[in-house]
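Subject: Structure handover

Hello,

Here is the structure for you to pick up. Please open it alongside this note; what I found follows below.

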Amino acid sequence: MPDFTFNLPVHDPVLIFAIVMLIILLAPLLFNRLKIPGIVGIILAGMVVGPSVLGLLERDETIILLGTVGLLYLMFMAGLSIDLNKFEKLRGKSLTFGMISYFIPQLAALAVGVYILDFSLYSSILLGCIVGSHTLLAYPIASRIGITKNSFTTMSMGGTIVTDTMSLMILAIVAGAVSGSAGPGFWATFATMVTIYTVVVVLGLPALGRWFFRNVRNQANTEFVFLIAVLFITAWFADVVGLAPIIGAFLAGLTLNRLVPESGTLMNRVQFVGNALFIPFFLISVGMLVDVGVMVESWDVWIEALFFTLLVVLGKGSAAKIVQLIFKGSSAEGWTMAGLTIPQAAATLAVTLVGFEIGLFSQTSVNAVVIMILITCMIGPAMVERFGRKVALQESQRPYDQADAPERILVPLANPTTAESLMDLAIMMKNLKVDDPLFPLTVARDSDNVQAQVADSEKMLSHAVVHAAAAEVPVIPVTRIDMNISNGIMRATRELRISDIVIGWNGEVTAKERIFGSILDQLLDQSTQQVLVSKIEDNPLNVTKRTIVAVPPYLDRENGFIGSIRTIKNLVGQLGSDLLVVSTRNNHKILKEFIEEKDPELESEYIILENWSDLLKTSELKFEDEDLFVLLSTRKGTVSWEANLERLPRIVAQNYPKLNFVTIYPNEATQENAPAHKVKFVGSRIIPPISTENVNFNLDDLDAETALRELMGKKFGGNPVEFSQVVEEILNTETDNLPGELPGVVITKCRSRLTQSPELFMGISQKGFNYPGIKEDVHLIILLVSPPNHTTQRNLNILAALARFLSSRKTVKKLINARQLSDVDEILKEAQLKSSDSAIF
């Protein structure tokens, strides 16, 4: 007959694990109903089942082990998840916040300890170490809410290194001073070991990680075990050299950050295991530290606990608000930062136990610290839950961005060996704010064995679905049957309203084929969507150290230019790679603006070519094995198309066969935010009408400044100060004459408060006049003056449409010879009728 009796505490390992799993399952559900963060519920549940209340479980070596594992895992996840591009930008701010967040509580503790609690000087300094550190206990809440990329959240995470390092270093100094062992030899040895450790971790781990991921591919379990092994080995060595293991765990996460993309399958596994298992063990172990009996035995414990708690809450809160004011954050961001830095656990326990062992803290102080840990671990998560939501709401209420438009990515699959790399590319380029699914597609050629083809296709699709599902990306698999593969892809594109196509290429082209091969060439000819043609070789994308982006001249005139730049920025942000942009002078300025000033902001290096044909010849550009080369190209017949763009992918594939290579063809459809003007003179719903006073047919024998004043004087001459500023701005703007076959034509633009709507000016000079930056005489100048609130995208749409009108020598020649506005109108109407691309006119 089974025996259901058992003694407390429980010693049966199966029952212990069952109790812990029930706590992890039920505590968050119950406390969330009470509007209390689930993290707090797990801590309180740990206190209840611990030795001081019900006594179900004792805090033995197993609980301590699992709690330590959870703490290190928490710090590792924080390092992995931090936005390194933003972290590098915010290094100074993170250091500033860390120092303020440490020294305000430290100095306050020194005064309270000496003058109120009657502590010794050394005890007061250690008390400052306790309240000056913090633990990112509420990080899972910030991650769930989606604010880990926020600048103030990033500063909080970066400040953790500063506060915990300061706390543990001062602990070592005080402990050495009390024991008498802190001589010059001790500090020399300590500094040497820490320096060697830091160099090995910072330089060695990324190299080791790249080697591993390059040689071990598509083995999800092995990749996860590798990360865990690196985490605990790095944490152990940190302990060996005299640092805290939590610092080693955080450094391990930081150094491997670029190898684990945020939206990838591996990151999803890391977060799942941590949030579901390891971190809850740590929270339960914290709750079990609380001795309820001590709380009722003496008021001294409560008095000290009250002072300790006030030092933490007021010190960390004031530091967060000071930094918020310094760096001009919102009130919600300041309180969220306070909530992230108030919880105490890791370094706090380390300092407390060492202080107790060397006689600087009494048992009462130790118990007071435990109570303070419990209180701060409830306050911090509650603050992040409340104010973090406000931060997320503030970010979601920003003005509508075209980046948040529906994004439906089609991934045609044909080769099982490259299917996962194509899915990874689609996942990484995806806008994380958009919930649209990915559409992996297989097309079976209609023939006698079509059923067998469909069956094989479904196997490949199932692997793609599982791979994407592991990254928590929604997927809808699609199968089509067609006699022509490219027609099948286009049919799916139309039926599913696809915005982007990601397709693979093996790098081989026969003499009969134009760019990539018959199927891809047909797809490019038939589609207007953004197309990414990918050639991913031996190196997986996550080992990419540098992304090189090549942008041909005048590509900024294409409608889909901004969308393609945004795609590249999403990809680089996920890879965490360095960015190198190669372009010519005519589009360098706008590229730099979109890359460095528009969200998401990235830092980049630039190579400026005098001639686009020097792209693969310049000594400044050297490809390496771990580079990703991205070529922005364009379809034949567009404004920026040149014949060498068709040859370039083949040349790169032949000369650099092991290079990861992506060619991006921008979306050719008219952007939704293009302005809609009625057709007047130009015959376009994009280009604004030209009024009589905005056209000047006689700019002969003038310099550039005088020509501009003659051209715009009737419209803007009434405000001479502003007018002079407009002229000066235009003359200082990098100007673009059209590609070489149309010399003597200048199209330029500027913004001015003198106009409330776009104004188009046309100047004609039969003799020609000199213009800054243009070698040949200028005979035709087109000038767009738009209001300050007119978006860059709308300006580019207008200029692109103008450039298409002027893409014919005959049209330009007729305009130069025009002598009245009606002539201009007839010439442009004729150009419109001859235009092969009527979609935008």
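Which residue is the bridge partner of A550 in β9? It is L631. Keep in mind throughout that this is a predicted model.

**Overall**

The protein chain has 841 residues, and 56% of them are buried. It holds 29 helices and 15 strands. Take the contacts with a separation of 6 or more: 79% of them are between residues 24 or more positions apart.

**The sheet**

Start with the strand order. An open sheet is formed by 10 strands, and it reads β3-β2-β1-β4-β5-β10-β9-β6-β7-β8. The pairing is mixed. The edges are β3 (478-482) and β8 (605-609). Each has a single partner strand, so one side of each lacks a neighbour in the sheet. From one strand to the next, the twist averages 20 degrees.

The A550 pair belongs to the pairing of β6 (residues 546-551) with β9 (residues 627-632). These two strands are parallel, with five bridges between them.

Helix α22 (residues 561-575) packs on it. α22 touches β5 (530-535), β6, β7 (578-584), β9 and β10 (660-665). The direction of α22 makes about 175 degrees with that of β9. Helix α23 (residues 585-596) lies across β6, β7 and β8. Relative to β7, α23 runs at about 150 degrees.

**Strand β1**

Now look at β1 (residues 409-412). Are its faces covered or open? Both are covered. I409 and V411 are on one side, L410 and P412 on the other, and all are buried.

β1 has these pairings:

- With β2 (residues 438-445), the sense is parallel and there are four bridges. V411 stands opposite P440 of β2.
- With β4 (residues 500-504), the strands also run parallel, joined by two bridges. Here L410 has I501 as its bridge partner.

**Helices α10 and α11**

Next, a helix pair. The axes of α10 (residues 220-240) and α11 (residues 245-256) come within 7 Å. They cross at roughly 135 degrees.

On the α10 side, the contact is made by L227, V230, L231, T234, A235, A238 and D239. On the α11 side, the residues are P245, G248, A249, A252 and L256. By type, this contact comprises nine nonpolar residues, two polar and one charged.

**M372**

M372 is in helix α17 (residues 363-396). Is M372 buried or exposed? Its relative accessible area is 0%. The cut-off for buried is under 20%, so M372 counts as buried.

What is M372 in contact with, leaving aside its neighbours within four places in sequence? The partners are I130, F308, T309, V312, Q344 and T348. M372 and F307 are 65 residues apart in sequence, yet their C-alpha atoms are 9.0 Å apart in space.

Over to you.

Best wishes

How values were computed:
Residues numbered from 1 in each chain as written. Predicted model: local features only at pLDDT ≥ 70, side-chain atom pairs only at ≥ 80, totals over all residues. Heavy atoms only, no water. Axes fitted to C-alpha atoms, helices over the stretch in contact; angles between N-to-C directions. Contact = heavy atoms within 4.5 Å. Nonpolar A, V, L, I, M, F, W, Y, C, P; charged D, E, K, R; others polar. Buried < 20%, exposed > 50% of the residue type's maximum accessible area, 1.4 Å probe, protein only. Pairing = 2+ DSSP bridges.
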